[in-house]
Amino acid sequence: MTPPRRERGLVRPYVVTGGRAYPTRNIFDLVTLVIAQHDRPLSGLGPEPRRLMELCRGGALSVAEVAGHLGLPVSVTKVLLGDLVDSGHIVTRAPIPEAQLPESQLLQEVLDGLRARL
Amino acid sequence: MTQHISEVVFWCLAAGMLVVSVLLLRQRQMTTGLRKHNAALESSLRARDEEARHLVEIRLPAAADSGHQALPAPGLLDEQLTGTAYAWHLQKATELFAGAVDKAQARADQSAKAALKASMRALQGLAHEQQLAISGMQDRHDNPDVLRDLLEIDHANSQFGRRAQAIAVLCGSWPGRQRAASPLLDVVRGATSRIRDYRRVRVHTQVDIAVASRAVEPVVLAVAELLDNAARHSQPNTTVEVNLQPAHNGACVVIDDAGVGMDGQEVERAGRLLSGRRSVDVSRLADPPQFGFAVIGVLATRYGFSVSVDTRSPYGGVRAVLFLPSVLLTHVTDEGPGALPAVISHAAPLVGAASETIHNQAISPADLDPAAARPSPPRAPAGRTDNAGRTDNAGRTEHAGRTEHAAHDEAAEEPIVHGSTAGGLPKRRRRQPIRDRAATGATPAAPLPAAEEAPARSAEETARRMGAFARGTRSGRATAPNDEEGNSPA
């Protein structure tokens, strides 16, 4: 079965945001991490915020990822996120600093192991 | 002698007189008869003249006006002519005339429709192109000021596209866009996107019903026309309420407005148009043309849903009900996050975005339950794979697919210990934080009890299937006929 793709052009962004273009707060960056608060009820949320909450359920996601998964432009996603921050459904966090690269010795071991197998 | 002569003369005269009087009498009778006949003929002629005048002045214009409406045509003026050849010929002439008028009208209508259709298709294409451009801009620009302007343009463009589409459909075109099956809620919101007062529309219910792919665009268009009617005929401070209701053999979209409503005549006209039974004459729509109901009627007949507007809304306006039969519906399960990995692993492991997954009702518990799916054909190579796994331990070269499958068999017994491969590398499993959480938490929309077991094995299931696929590919390519595994490296 082909995985169903959400139709992008069907529901236009102005319906999603109710015609608003400005997020209620200007705290979002492409890499801002969004974390859902699980104790908040989902009732009263529109379909997109609901999906957003479900997306973030598994852990932190960046704004860009959220937008990509929802299939919405980033600026529209920011409007939604602003509302959710206002209602306390999500909290944001600055992006995690880049992780340390694995040591070359470890990489070498992995390479050796792969070579031994193949 | 003289007496005799006079007598003879007398008798002769008498006889002559008799003859003359008889002749006179006869003549008189004939004259009267002729005069009568003449008068009758004259009156008949006058009647026919009158009849011809009646034909020209009343019957033919009536025939020309009625078009293809089934109005009672005005009959003969003089009842005496009924049944005569003259009347029959008049009738024939009337029919010929009506036929010619119909034909001319049909031709005019057809050419008008063709011209309109072609131009509207062009506009539709442009609107679509522009929508794509606007979507691209919305994605590219991350500035609220730009977004605000883009949203306005987008809104205007959507309405423009809908108008063009509606006229094109009325002229016999197809709605023109293929869409994937979409939840009914999205369909209604898609319709909301295309009307002017989209902010006034409130959609209340969330139902897990989806509209089949081929019906998405027509239903969007029909609902958009209904919503547009509702919003246009109600005050700007009122809302248009939309309710989605599952029905016995379908689903309903109920649209209530708090507007002025329609009187009996309008309801009757709307009902006639919505039934879509007779073709709509483009040139006969009112001025300004009211396409809405006619378009819905055309779409409803073509795709098999039905629309009625003859109920009064409790809000005071019109209640429009669009009924979708189950043929046009598929099922969407608004699954809780718990069921998410299961469905993803069955469909495609990489697409993890969709939390609402649409699938056909054909998906049964057996599809969701790996235990039920276990004795399927891929089982047959499994035994061989086990053997292969053992030979791997003996030091022979191995293939990744086989290892994966060996891992599956191992993990089926011990789901927690993932172990390591024969080469000594640790085995990596897909992490499932979502599933774990869902297993403990409530899954409100879990569709079936069997689906709750499904996530626990989904990773193995995926591995098994992919392994089977890889093995199948390899064995198909293998050429050595005596090789019992069919895939051993020579």
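Visitor: With 13 C-beta neighbours inside 10 Å, does Thr311(B) count as buried, partly exposed or exposed?
Guide: This is a predicted model, where local features need pLDDT of at least 70, side-chain atom pairs count only at pLDDT 80 or more, and totals for chains, interfaces and linings use all residues. Residues are numbered from 1 along each chain as its sequence is written, while chains are lettered from A and ligands numbered from 1 in the order in which they are written. A residue is buried if 20 or more other C-beta atoms, placed from the backbone, lie within 10 Å of its own, exposed if 12 or fewer, and partly exposed in between. Thr311(B) has 13 such neighbours, so it counts as partly exposed.

Visitor: In which element is Thr311(B) found?
Guide: Elements are DSSP runs, numbered from the N terminus: helices are H or I of at least four residues, strands are E of at least two. Thr311(B) falls within residues 306-312 of chain B, which form strand E6.

Visitor: Which residues is Thr311(B) in contact with, leaving aside its neighbours within four places in sequence?
Guide: Contact means that two C-beta atoms, placed from the backbone, lie within 7 Å. With neighbours within four places set aside, the contacts of Thr311(B) are Arg319(B) and Val321(B).

Visitor: How far apart are the C-alpha atoms of Thr311(B) and Asp256(B)?
Guide: Count along the chain, and these two are 55 residues apart.

Visitor: How are H3(A) and H4(A) oriented to each other?
Guide: Axes are lines fitted to C-alpha atoms, for helices over the stretch in contact, and angles run from 0 to 180 degrees between N-to-C directions. H3 (residues 63-70) and H4 (residues 74-86) of chain A pack at about 105°, with axes 9 Å apart. Under 35 degrees is roughly parallel, over 145 roughly antiparallel, 65 to 115 roughly perpendicular, and the rest oblique. So H3(A) and H4(A) are roughly perpendicular.

Visitor: How do the residues of the contact of H3(A) with H4(A) divide by class?
Guide: H3(A) brings residues including Val63(A) and Leu70(A), and H4(A) brings residues including Thr77(A) and Lys78(A). Ala, Val, Leu, Ile, Met, Phe, Trp, Tyr, Cys and Pro count as nonpolar, Asp, Glu, Lys and Arg as charged, and the others, Gly among them, as polar. The residues divide into 7 nonpolar, 1 polar and 1 charged.

Visitor: Are H2(B) and H3(B) roughly parallel or antiparallel?
Guide: H2 (residues 85-140) and H3 (residues 144-170) of chain B have axes 8 Å apart. They pack at an angle of about 160°. That makes the pair roughly antiparallel.

Visitor: How many charged residues are in the contact of H6(B) with H7(B)?
Guide: H6 (residues 264-275) and H7 (residues 292-303) of chain B pack at about 35°, with axes 6 Å apart. Among the residues that meet are Leu273(B) in H6(B) and Phe293(B) in H7(B). By class, the contact has 7 nonpolar and 2 polar residues, and the number of charged ones is none.

Visitor: In what order do the elements of chain A run?
Guide: Chain A comes to 5 helices and 3 strands. From the N terminus on, their order is α-β-α-β-α-α-β-α.

Visitor: What percentage of the residues in chain B is buried?
Guide: Chain B has 14 helices and 9 strands. Of its 490 residues, the buried share is 33%.
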